[in-house]
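Let's take a walk through this structure together. Have a look at the model first, and then we'll go through it piece by piece.

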Amino acid sequence: MGAAQRLAELGLTLPSVAAPVAAYVPAVRSGAHVHTSGQLPFVDGALPTTGKVGAQVGPDEATVLARTAALNALAAVAALVEREGGPAGADALDRIVRVVKVVGFVASDPSFTGQPAVVNGASLLLHDVLGDAGVHARSAVGVAVLPLDSPVEVEIVVETA
């Protein structure tokens, strides 16, 4: 089963890629690897919530936001593959051989220590969409603040065919 079918079964579609707010691009290729910029959990161009996890944002909500950020990262990969002449939309995700690394940042209240559980939302989304190719190495980092006061940010590195 392809990634497009898995997305459909999950009731998901690839979102539009968020326009950069500074001097960078959403994703770049280096050889067989695509590196995404940090992706925020934008939904229809806006953050659904802001604040620190463990204070204004609960861990369960943050886990859902990490899942959304990972979906946005997949959209950045798909857009790059398409620009390079590969398949369009979710079909571009079938070019992913494996997710190599995920880095998740969690804007955390000083007493919050559940960053791995929050970033697991991203990890599970990648596995749900890509199957075994979605299994990866990962870092989950607590930080004081993220751009636009986002609770989470996710970046991925994927190997493509």
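Start with helix H3 (residues 115-130), which lies across S3, S4 and S5 and runs at about 145° to S4. Helices here are DSSP runs of H or I with at least four residues, strands are runs of E with at least two, and both are numbered from the N terminus. For the angles, axes are lines fitted to C-alpha atoms, for helices over the stretch in contact, and the values run from 0 to 180 degrees between N-to-C directions. Keep in mind that this is a predicted model: local features need pLDDT of at least 70, side-chain atom pairs count only at pLDDT 80 or more, and totals for chains, interfaces and linings use all residues. Residues are numbered from 1 along each chain as its sequence is written, and side-chain values use heavy atoms, with hydrogens and water left out.

Now for the sheet itself. Its 5 strands make an open sheet with mixed pairing, in the order S1-S2-S5-S3-S4. Two strands pair if DSSP finds at least two bridges between them. At the edges sit strand S1 (27-30) and strand S4 (137-143), each pairing on one side only. Ignoring direction, neighbouring strands are turned by 15° against each other on average. Zoom in on strand S2 (residues 33-36) and strand S5 (residues 152-160): they pair in the antiparallel sense over 3 bridges, and histidine 35 stands opposite valine 157 in S5.

Helix H2 (residues 59-83) packs on this sheet too, touching S1, S2, strand S3 (96-107) and S5. Its direction makes about 40° with that of S5. Contact, by the way, means heavy atoms within 4.5 Å.

Within helix H2 you'll find leucine 65. Is leucine 65 buried or exposed? Leucine 65 has 5% relative accessibility, so it counts as buried (buried is under 20% relative accessible area, exposed over 50%, partly exposed in between, with a 1.4 Å probe and protein chains only). Leaving aside residues up to four places away in sequence, leucine 65 touches Pro41, Pro48, Thr49, Val57, Pro151 and Val152.

The largest pocket holds about 300 Å³, a volume being the space filled by probe spheres set on grid points joined across faces, edges and corners. A pocket is an open set of points on a 1 Å grid over the protein atoms alone, where a 1.4 Å probe fits, with protein on both sides within 12 Å along at least five of seven lines; lining residues have an atom within 4 Å of a point. Of the 18 lining residues, Pro15, Phe42, Val43, Thr68 and Asn72 are the closest to the centre of the largest pocket. H2 gives the largest share of that lining, 5 residues.
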